[in-house]
Amino acid sequence: MKKYEQLSYKEQLELFHNRGMKFDYSFNELDETLPVYLKNIQTISTLGYYQLKDYAYPYFVDGRYNNVDFAKIVAHYYRDKHLRNAVEHAIEDIEATLNTRIAYLLGDKYGPFGYLEFRNWCQKEGKNKYIQNKKVNKYYIAKEQNKFLGKIQGKARRSSSRDVKAFDKNDDDQVYMPVWLMMNELTLGDSIYIVKLMSNRNRRAIAEKFECSVDELISWLECINLVRNICCHNGNLVDIKLVTQPKLPKDFEDVLYLKSEKEDSANYTNRLAIVICIVVKLMSSINIRYRFGNLINALNHLLDETNTPEVYGFRDKKAIYECFSKERELIFKE
């Protein structure tokens, strides 16, 4: 096979087979009218070879797929899809709450259009440790302000919101939206950047609403923003390995897998479990009655002899349930 040769869907299935993946038929005497074969062709033509290959990596040992069934890999993909849907549902609530709290803080302190003057609410001097230790001064603030105002003008013109369109139509004098409309047009990454730019007092006010420190909030928001992007782009969430270790949520350490007996952040897992703990921790400050049933079921369905709780970063199976009961005693009572 040439290095960059285009393979047919049949050849892609054969490549999996040649590397040790199991199928319910023989490729040597293949009946191409078999329903199971036609189903597999449909699957690989829909999901793609590399998408499925990504989910097969946990079973790939010494250049072979260790006799794992193709159907099992497909099931692993759809179980991760279930997981992504459950995680994204919670993240959407966190994002909406963050935007609402930023809009209320800035609107209450500086008025509906006070956010347009960054010196009202931004850190004005010194190094900003949340933006790569950038030195903040009037020139930096002016640059960020001009960049942001240009961005939200474009968002307003492209917005599908009826309220934004009505504001644009009915107010001939005001180019920019009031803060409570503006915040709903931002991405999660945009909203996080606003928190990073804020003065220390404003950052603390937002963090207190989430019952955590500023360092914890920004660390957790950056983590779930990464996860949100994975979910939105149909990526592999279940096998995630975080390069940057987020802050550990307090009181969740005992549910996480510890790489060694030394209890420090570097020795705790960087896998899926830490993401789940962060989502649960943030949601506990927003809605104590939030129902995590779909997420718990999704996690349970991921487990098998290869993909154990430890692989996903949990101490053991019991720890998965403990994760959802931390600070949330009402979860199993309704």
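Which helix gives the most to the lining of the second largest cavity? Helix H4, spanning residues 70–110, does, with 3 residues (helices being DSSP runs of H or I, at least four residues, numbered from the N terminus). The model is predicted, with local features needing pLDDT of at least 70 and side-chain atom pairs counting only at pLDDT 80 or more, while totals for chains, interfaces and linings use all residues. Residues are numbered from 1 along each chain as its sequence is written, and side-chain values use heavy atoms, leaving out hydrogens and water.

Searching the whole structure turns up 2 cavities of 30 Å³ or more. Here a cavity is a set of points, on a 1 Å grid over the protein atoms alone, where a 1.4 Å probe fits but cannot get out, and lining residues have an atom within 4 Å of a point. Points are joined across faces, edges and corners, and the volume is the space filled by probe spheres set on them.

The second largest cavity holds about 30 Å³ of space, and its lining is made up of Tyr59, Lys72, His76, Arg79, Leu302 and Asp304. Sorted by class, that comes to 2 nonpolar, 1 polar and 3 charged residues (Ala, Val, Leu, Ile, Met, Phe, Trp, Tyr, Cys and Pro count as nonpolar, Asp, Glu, Lys and Arg as charged, and the others, Gly among them, as polar). As for the largest cavity, its volume is about 40 Å³. Phe118, Cys122, Gln123, Asn128, Val136, Tyr140, Ile141, Glu144 and Leu197 line the largest cavity, a set with 6 nonpolar, 2 polar and 1 charged. Helix H5 (residues 138–158) gives the most to this lining, again with 3 residues.

Back to H4: this helix has 41 residues and reaches 58 Å from its first C-alpha to its last, close to the 60 Å expected at 1.5 Å a residue (1.5 Å times one less than the number of residues). Glycine 111 follows H4, and its phi is positive, near 85°.

H4 also packs with helix H3 (residues 49–56), at an angle of about 90° and with the axes 9 Å apart (axes are lines fitted to C-alpha atoms over the stretch in contact, and angles run from 0 to 180 degrees between N-to-C directions). H3 is therefore roughly perpendicular to H4, a label covering 65 to 115 degrees. On the H3 side, the contact (heavy atoms within 4.5 Å) is made by Gln51, Leu52, Tyr55 and Ala56. Phe70, Ile73, Val74, His76, Tyr77, Asp80 and Arg84 make it from H4. Together these divide into 7 nonpolar, 2 polar and 2 charged residues.

Conventions
On a 1 Å grid over the protein atoms alone, a cavity is a set of points where a 1.4 Å probe fits but cannot get out, and a pocket is an open set with protein on both sides within 12 Å along at least five of seven lines; lining residues have an atom within 4 Å of a point. Helices (H or I, at least four residues) and strands (E, at least two) are DSSP runs, numbered from the N terminus. Angles under 35 degrees count as roughly parallel, over 145 as roughly antiparallel, 65 to 115 as roughly perpendicular and the rest as oblique.
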